[in-house]
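User: I am new to this structure. Please take a close look at the salt bridges and walk me through them.

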Amino acid sequence: ETSARNRAKLLIGAGVLVVLVLLMVGITTTAIVLGTQVGGDGGSGSGQNDVDESSAFVLPDEDEPFDDDAYDSIYDDPYKLDRNKTLEKDLLETKEYQLRLDINVFTNRTDGVEKFLSVLRPLTGLPFTKETAMESVRSEIEIDASKCGKRKFDEIRIRNYLSGWNANHSTVDIKYSKKTLQKSEAASVDILPDKKIYNTSIQKIEQDVHHCYNKYSRKTMAVQVPYKMQIKTCSDIVRLFPHAWDEKNPTKATPVKSTDYWWLYQHSGYLLNGAQFLSSFTVVYHDLNGAINGNETPSHMSEWSIRIWSTKDGMGPW
């Protein structure tokens, strides 16, 4: 059972994260401290946080050092996208802040979500109601494309939405990232979608903010593909993202690296300054039954995140 001292540390950790997010998008510290409304029609306004005996989130492990320098570059990256360049003209700009979930609390994920949101509601003023939540279950199939070329991608995934929001749809995404990747370098990575799917794809450059480091990534997602499509060879990937590799290895096999099942519980909207946000619980299971019924201990990969878009729904400057 978590001690009172540790619970206080956890609450402070969540508060610091939310403060960083809201300050980044221009919300005043006064609004946070007083619990005043940021968006929507909820929020207690009391500024008081009642925390249950168990916390739904955890702070960094003590043996993982905190990198103060990592946060120095979060708000002041000097590179500005050039909308006249082919590789940059349709890139959305986002930042995603992430916290690892305490999987023991989320054995009962309904209670886990409520414990977490009971902290977020007074901190943000956002209602986060059941009525406005988007709930879904999807399979997450990661593809091993290591034999397709020299360029190594962080992720190539097929997502099949099995129930709830977006059911009976699939997406395929490709993501390039590394801890030393700068924004300018990420913007220059050519993973443009094929011209046949260009207008139905999403391209973005995102800054991932973790508790001890932050990094950039570039991602392209094809959002209109056959339901439960399969990727068996490099040519299946190249048909979607033709510039992913300079090498031509069309017949090389692309085996499945892993398959997990994700339960998602999301809220989206706009803050008062016009910034779009998406709050997401992604609770990960190794089998479909766990994702559907929510009665098993989830994977350590489970997290809560909040994604913020730059102005003009990601097309404008920060």
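Analyst: A salt bridge here is a side-chain nitrogen of Lys or Arg within 4 Å of a carboxyl oxygen of Asp or Glu. Side chains of opposite charge can pair when their charged atoms come close. The model is predicted. By this rule, 15 salt bridges are counted.

Start with Arg-239 and Asp-236. They form a salt bridge, with the closest N and O atoms 2.2 Å apart. Arg-239 counts as exposed, because its relative accessibility is 54%. Asp-236 is buried, with a relative accessible area of 14%.

Now take Glu-93 and Lys-183. Their salt bridge has its closest N and O atoms 2.6 Å apart. Glu-93 sits in strand β1 (residues 92–100) and Lys-183 in helix α5 (residues 183–187), so this pair ties together parts that are 90 residues apart in sequence. Both Glu-93 and Lys-183 are buried.

Next come Lys-175 and Asp-208. In this salt bridge the closest N and O atoms are 3.9 Å apart. Lys-175 belongs to strand β4 (residues 169–177) and Asp-208 to strand β5 (residues 201–209), so the pair ties together parts that are 33 residues apart in sequence. Lys-175 has 13% relative accessibility, so it counts as buried. Asp-208 has 1% relative accessibility and also counts as buried. The cut-off for buried is under 20% relative accessible area.

Return briefly to Arg-239, which pairs with Asp-236. Elsewhere, salt bridges join into a network through shared partners. Its members are Arg-138, Glu-140, Glu-155, Arg-157, Arg-159 and Asp-173.

How values were computed:
Residues are numbered from 1 along each chain as its sequence is written. This is a predicted model: local features need pLDDT of at least 70, side-chain atom pairs count only at pLDDT 80 or more; totals for chains, interfaces and linings use all residues. Side-chain values use heavy atoms; hydrogens and water are left out. Helices (H or I, at least four residues) and strands (E, at least two) are DSSP runs, numbered from the N terminus. Buried means under 20% relative accessible area, exposed over 50%, partly exposed in between (1.4 Å probe, protein chains only).
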